Amino acid sequence: CPSCTSEPHRNIVYQRLTPFPDFQAGVSTDTTMDVPELFMNKWRANNNVMHVDYELYSSVTDALSKQNEWLVSDYNNNNDNYGFPRNSGPTAHTWNQWNSYKWGGAYANHHGFYVEVPSGATTA
């Protein structure tokens, strides 16, 4: 995210700790998850709790060594359209570093999402 004003937010690694629930389009529920919507517009805690379901890191090196995981999470709790990572931060809430495909007002205007496919995985 070259447009993010917070250095730790320029590269964020989301490392999943638990399996993703089944996909269902729309806002994630207790048993399903819309992963694209979660990251793009509706950063929520359903099946997505920091230190339980995932960790965030500011580098691949930190993620691989499991060091310097972020400490502060923040989620939408209503119909807000704040995407990943809302106001989460390495050590404190960090404002306006989120993206949204529905709202403006933050700095994450230029970003990408990349997914590592596990070795041996097959595609349908």
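Let's begin with Asn 77, which is found in the segment after H2. This is a predicted model. Asn 77 is exposed, with a relative accessible area of 69%. Along the sequence, Asn 77 and Trp 43 are 34 residues apart, yet their C-alpha atoms are 8.9 Å apart in space.

Ser 73 also has its place in the segment after helix H2 (60-65). Ser 73 is partly exposed, and its relative accessible area is 27%. Leaving aside residues up to four places away in sequence, Ser 73 touches Met 50, Tyr 54, Ser 88 and His 93. Between Ser 73 and Leu 17 there are 16 Å, C-alpha to C-alpha, and the two are 56 residues apart in sequence.

Now to the aromatic rings. The count comes to 12 aromatic pairs.

Phe 39 is buried, with a relative accessible area of 11%, whereas Phe 113 is partly exposed at 37%.

Trp 43 lies in the loop between H1 and strand S4 (54-57), and Tyr 75 in the segment after H2, so their pair ties together parts 32 residues apart in sequence. Both Trp 43 and Tyr 75 are buried.

These four residues also belong to one aromatic cluster, whose members include Tyr 14, Phe 20, Tyr 54 and Phe 84.

Definitions and conventions
Residues numbered from 1 in each chain as written. Predicted model: local features only at pLDDT ≥ 70, side-chain atom pairs only at ≥ 80, totals over all residues. Heavy atoms only, no water. Helix = DSSP H or I, 4+ residues; strand = E, 2+ residues; numbered from the N terminus. Buried < 20%, exposed > 50% of the residue type's maximum accessible area, 1.4 Å probe, protein only. Contact = heavy atoms within 4.5 Å. Phe/Tyr/Trp six-rings, centres within 6.5 Å; stacked < 30°, edge-to-face > 60°.
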